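Please read this report alongside the sequence and the coordinates.

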Amino acid sequence: MNLSYLIHRLGAVLVVMAIVTVAVFAITNVLPGNAALMILGENATAENLAALERQLGLDRPLVVQYFDWVGGVIRGDFGMSLRLGLPVSQVVGSAFINSMWLAGIALAAVTIISIPLGAVAAIKRGTIYDTLIGLFSYVGTALPEFVTATLLLVLFASPANTIFPAGGFVDPTEDFLGFLDHAVLPVATLGLVLMAHISRQVRSEMSEVLSSDYVRAARLKGLSERRVIWRHTLPNSLAPAVAVISLDIGYLLGGIIVVEEIFAWPGLGRLLIYALQNRDLPVIQAITLVLAVVYALSNLISDLVIAKLDPRVRYA
Amino acid sequence: MRKILSSPNGVAGVILLAIVMIAALLGPWIAPYDPQLFHSQNRLEGPSLDHWLGTDQYGRDLLSRILNGAPATVLFGLGATALGVGVGSIIGVIAGVAGGRADGVIMRILDGMLAMPELLFTLLIVTFLGGGTLQALLAVAVAFTPGMARIARSSVLSVRTREYVLAARARGESRAWIVVREVLPNAIGPIIVEATIRVSFAIMIGATLGFLGLGAQPPSTEWGLMVSEARQFMFRNPWGVIIPGIAIAMTAMGFNLFGDALRDAFDPKRSH
């Protein structure tokens with residue numbers, strides 16, 4: 001691995017993260033009503049409000065408040081939740097772990113299923129498999145998560161015919177099978193859109209490689225079809241596949257917001273909706289920042305993997 | 001157009017879009033009933049001769065509600081996309097044409113905006129603006145802006161160094177003339193393709209916001225809101241969630257297929 005490439009990419013991530021903190025702070029500070037008003041409620045008197053604002057430091061210039069907040073974030077201190085009476089880091093921390101279980105399983109399932117699906121479609125181009133996979137991918141990308149989730153609930157969780165639980169969460173460290181049982185429907189919901197998208201992209205990348213000159217050359221050399229595909233086509237289609245998956249992580253992180261809300265999964269998404277409805281500003285800031293960091297890091301990791309897979313990227 | 005109709009995907013996209021457009025243009029007039037009328041004798045019914053697609057928890061006719069919701073849903077998608085694509089393209093073209101330090105600063109800010117998942121970004125803006133259809137539209141447009149700006153910029157950059165632009169520069173044409181007459185017409189293809197596909201995203205995000213109670217408000221016939229209202233009764237009458245779900249999927253799929261066919265028509269290399 002080229003060290004200067006790594007340093008360059010890390011630097012870019014830091015710059016983007018700095019911009020994100022400014023954006024998050026700006027958006028949450030233009031939200032009507034500040035933390036003091038949130039705590040005291042609509043009927044607070046002006047004197048009480050002013051006193052609490054002074055106590056919380058809300059009367060200071062915004063720039064000072066911003067650096068105060070960023071300083072806390074760097075030390076891992078996101079302040080106190082206005083509604084839950086707990087430190088934000090504690091609330092967001094446990095929600096984060098629950099969300100990562102969900103997103104991680106969804107991502108693993110999607111990767112395992114959709115890459116072979118796309119590859120088969122590309123290899124058997126023009127056949128009934130290709131058409132079916134193509135149809136699946138168009139239908140899958142056109143269904144928003146809330147529709148898929150609702151349809152899955154109707155099919156698999158009706159009171160008359162409950163195959164999977166309609167919602168809830170079991171701690172995987174206590175009862176892993178119970179956890180999996182509760183994870184099936186949310187993972188299926190998240191997976192459908194992603195599988196549809198990734199398999200279509202993999203098919204298109206692989207078709208391109210299959211019609212490239214070096215694959216034609218390999219065929220003309222008289223290599224077996226199996227060898228052409230496993231040695232010459234698949235390795236060259238992997239880098240674009242990783243790029244597609246890393247792009248879809250952004251989509252996945254958005255998807256968990258809706259899916260957790262529908263399936264009562266106690267993760268970042270559900271907490272975010274709660275915080276947005278209750279204007280719990282420190283929690284909103286922390287979740288937004290955490291999601292942005294996860295997204296940036298996953299992009300960074302995928303860039304490094306791609307650079308490893310495809311030497312041309314490193315020197316571009 | 002002939003190129004679009006030459007692929008089965010293109011034909012499917014055109015047919016789906018035609019159905020959706022007819023519903024959007026004529027929906028409120030061809031609907032058999034008033035979408036807000038309670039048929040209290042026929043609540044939560046499946047499809048029947050009187051109510052082709054069934055009824056909801058108040059006995060309102062689902063077909064009439066879907067048809068009445070079509071203009072709002074399609075206009076939302078088109079409006080949000082047009083606004084986001086318009087503003088994004090202007091920013092992207094400025095960055096691409098200006099180059100240098102201005103380009104660098106603009107792109108860093110856009111990267112910061114793109115670092116947040118799109119739905120999260122939209123949710124933050126909607127919360128700031130307050131729920132409602134217009135607010136949701138603005139939020140989707142703002143969320144689309146950075147991505148579109150990136151595409152417009154790279155499209156401009158790829159055209160900027162072509163021979164015909166260099167020739168125009170050598171002829172001594174003004175910078176504005178070159179941008180308007182040479183760069184834009186040639187850079188606009190990818191922008192249109194991306195915009196078409198984004199209409200389907202806009203419709204899906206709009207419906208999601210409606211579903212979460214942050215977009216259209218009751219008694220609107222917005223399709224996402226219809227799913228959300230029918231959810232309480234989904235085990236007694238699944239049609240209430242299935243019908244608007246299919247309507248959303250059909251519309252999104254129509255724009256997706258059409259956009260893909262458009263891309264192939266613009267760039268024959270990519271059509272496999």
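The report that follows describes a predicted model.

## Overall make-up of chain B

In this predicted model, chain B is built from 10 helices and zero strands, and the order of its elements along the sequence is accordingly written α-α-α-α-α-α-α-α-α-α. The C-alpha trace of chain B extends over about 75 × 45 × 30 Å along its principal axes.

Chain B has 272 residues, of which 50% count as buried. When contacts in chain B between residues at least 6 apart in sequence are considered, 68% of them join residues at least 24 apart.

## Packing of helices 5 and 6 in chain B

Helix 5 of chain B, which covers residues 118-129, packs with helix 6 of chain B at an angle of about 140°, and the two axes lie 9 Å apart. Helix 5 of chain B is therefore oblique to helix 6 of chain B, since angles count as roughly antiparallel only when they are over 145 degrees. The crossing of helix 5 of chain B past helix 6 of chain B is right-handed.

On the side of helix 5 of chain B, the contact is formed by B:Glu118, B:Phe121, B:Thr122, B:Ile125, B:Val126 and B:Leu129, while helix 6 of chain B contributes B:Gln135, B:Ala136, B:Leu138, B:Ala139, B:Val140, B:Val142 and B:Ala143. By class, the residues of this contact between helix 5 and helix 6 of chain B are 10 nonpolar, two polar and one charged.

## The largest nonpolar core

The largest nonpolar core contains 156 residues, and A:Ile287 and B:Val140 are those with the most contacts inside it. Helix 10 of chain B, residues 239-266, gives the most to this core, with 15 residues.

B:Val140, which also takes part in the contact of helix 5 with helix 6 of chain B, touches B:Ala80, B:Gly84, B:Thr122, B:Ala202, B:Ile205 and B:Gly206 when residues up to four places away in sequence are not counted.

## Contact between chains A and B

The contact takes 36 residues from chain A and 35 residues from chain B. On the side of chain A that touches chain B, the elements giving two or more residues are helix 1 (3-30), helix 6 (128-142), helix 7, helix 10 (225-262) and helix 12 (281-309) of chain A.

Helix 1 of chain A provides the largest share of that side, seven residues. The residues of the side of chain A that touches chain B divide into 28 nonpolar, seven polar and one charged.

A:Phe156 belongs to helix 7 of chain A, residues 145-156, and counts as partly exposed because 16 C-beta neighbours lie inside 10 Å, where 20 or more would be needed for a buried residue. Leaving aside residues up to four places away in sequence, A:Phe156 touches A:Ile163, A:Phe164 and A:Leu185; its C-alpha is 8.1 Å from that of A:Ala166, a residue 10 places apart from A:Phe156 in sequence.

In chain B, B:Leu157 is found in helix 6, residues 133-160, and is partly exposed because 17 other C-beta atoms are within 10 Å. The C-alpha atoms of B:Leu157 and B:Ala95 are separated by 9.5 Å, although the two residues are 62 apart along the chain.

After helix 9 of chain A comes A:Gly222, whose phi is positive, near 90°.

How values were computed. Residues are numbered from 1 along each chain as its sequence is written. Chains are lettered from A and ligands numbered from 1 in the order in which they are written. This is a predicted model: local features need pLDDT of at least 70, side-chain atom pairs count only at pLDDT 80 or more; totals for chains, interfaces and linings use all residues. Helices (H or I, at least four residues) and strands (E, at least two) are DSSP runs, numbered from the N terminus. A residue is buried if 20 or more other C-beta atoms lie within 10 Å of its own, exposed if 12 or fewer, and partly exposed in between; C-beta atoms are placed from the backbone. Two residues are in contact if their C-beta atoms, placed from the backbone, lie within 7 Å. A nonpolar core is a set of buried Ala, Val, Leu, Ile, Met, Phe, Trp, Tyr and Cys residues joined through C-beta atoms within 7 Å. Axes are lines fitted to C-alpha atoms, for helices over the stretch in contact, and angles run from 0 to 180 degrees between N-to-C directions. Angles under 35 degrees count as roughly parallel, over 145 as roughly antiparallel, 65 to 115 as roughly perpendicular and the rest as oblique. A crossing is left-handed if the near helix is turned anticlockwise from the far one by less than a right angle, and right-handed if clockwise. Ala, Val, Leu, Ile, Met, Phe, Trp, Tyr, Cys and Pro count as nonpolar, Asp, Glu, Lys and Arg as charged, and the others, Gly among them, as polar.
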